[in-house]
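Hi,

Here is the structure I said I would send over. Have a look at it first, then read on for my notes.

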Amino acid sequence: MSKVKVGLVQMSCTADKQQNLEKAIVKVREAAAKGAQIVCLQELFTSLYFCDVEDYDNFKLAEAIPGPSTDELSKVAAELNVVIIASLFEKRAQGVYHNTTAVLDADGSYLGKYRKMHIPDDPGFYEKFYFTPGDLGYKVFNTKFARVGVLICWDQWYPEAARITALMGADILFYPTAIGWATTQDEATNTEQYNAWQTIQRSHAVANGVHVVSVNRVGEEAGVKFWGGSFFANPFGAIIHQTSHNDEEVVVQELDLDKSDYYRSHWPFLRDRRIDSYQPITKRLLDED
């Protein structure tokens with residue numbers, strides 16, 4: 001399909017896991033009613049962003065994938081004939097947990113999962129306490145409506161992740177996200193941080209000639225104001241639509257996947273890659289002989 005209607009759900013969350021899931025389902029239905037064929041939910045949408053503290057009790061939020069949440073969402077996907085991209089806290093085994101996104105096709109079938117590769121550890125974002133780094137590699141999923149690549153939040157800052165996923169054939173890069181401002185920050189710092197976050201993702205669209213869809217949460221949690229600002233970018237990095245920083249929103253945009261061929265032909269960055277010269281990128285730093 002050359003054109004696909006993509007929905008994003010930007011919402012706030014509570015401490016009630018089932019309530020968050022039900023709220024997300026209502027918003028998926030709203031997106032489908034607006035014509036969405038693919039709907040992406042934000043990172044860890046079934047809970048508050050629990051990584052603001054290191055608390056062993058939070059491991060109780062995790063579940064198997066496939067599991068209870070994907071079972072419910074699969075029924076909704078089949079009923080509405082929509083693809084659902086769902087970011088969840090995965091319990092893989094006792095003591096092994098991942099930040100994982102499941103992809104459910106429009107017939108309700110489970111296509112697989114991507115486990116977050118880059119795990120941050122910053123004040124208010126103590127993810128290394130909870131998540132084992134992904135070991136499935138980068139992933140692309142052949143859905144009914146498009147070939148989608150999924151990366152998660154902190155992955156946003158790494159051009160290597162976007163490049164590899166695009167080279168695997170992704171038509172669209174999706175980034176489920178949970179990122180915000182410390183409530184003690186000044187407005188200039190807030191603006192600088194948001195602009196950097198959006199700019200790096202727009203650059204992935206430009207460098208790879210693919211649409212980018214970034215889906216963030218809103219609301220204030222434990223001293224962090226999640227900044228929303230979810231957006232769609234075309235394959236040359238132009239913003240098609242950006243949501244507010246404060247409000248819950250369900251937005252549907254039609255993406256023309258043929259635009260990738262246009263931009264890749266007129267700006268042939270993939271053609272001119274010097275893959276013979278890139279071996280040094282596999283080093284941490286180039287400070288030793």
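Predicted model: local features only at pLDDT ≥ 70, side-chain atom pairs only at ≥ 80, totals over all residues.

Arg115 is buried, with a relative accessibility of 5%. The side chain of Arg115 meets that of Asp135 in a salt bridge, at 3.1 Å from N to O. Arg115 sits in strand E5, while Asp135 is in the loop between strand E7 (125-126) and strand E8 (140-142), so the pair links parts of the chain 20 residues apart. Asp135 is partly exposed at 45%. Both belong to a network of salt bridges that also takes in Glu90, Arg92 and Lys113.

- Lys116 and Glu43 pair up at 3.1 Å, N to O. Lys116 lies in the loop between strand E5 (110-115) and strand E6 (121-122), Glu43 in the loop between E2 and H2, and 73 residues separate them. Lys116 counts as buried at 1% relative accessibility, and Glu43 is buried too, at 0%.
- Glu248 and Lys27 have their closest N and O atoms 3.7 Å apart. This one joins the loop between strand E16 (239-242) and strand E17 (249-256) to helix H1 (residues 17-33), across 221 residues. Here Lys27 is buried at 13%, whereas Glu248 is partly exposed at 33%.

Now for the backbone. Ile65 and Pro66 are joined by a cis peptide bond, with omega about 0°; Pro66 is in the loop between strand E2 (38-41) and H2. Asn81, at about 60°, is in the loop between H2 and strand E3 (83-93) and is partly exposed at 34%. Cys153, with phi near 40°, lies in the loop between strand E9 (147-150) and helix H3 (159-167). Is Cys153 buried or exposed? At 6% relative accessibility, Cys153 counts as buried.

Glu72 belongs to helix H2 (residues 68-80) and is partly exposed, with a relative accessible area of 30%.

As for annotation, an unreviewed UniProt entry gives "domain: CN hydrolase" for residues 4-257. That span is 24% helix and 33% strand, and its end C-alpha atoms lie 7 Å apart.

Cheers

Conventions: Residues numbered from 1 in each chain as written. Heavy atoms only, no water. Helix = DSSP H or I, 4+ residues; strand = E, 2+ residues; numbered from the N terminus. Buried < 20%, exposed > 50% of the residue type's maximum accessible area, 1.4 Å probe, protein only. UniProt positions renumbered as here; feature names shortened; annotations may be inferred. Salt bridge = Lys/Arg side-chain N within 4 Å of Asp/Glu carboxyl O.
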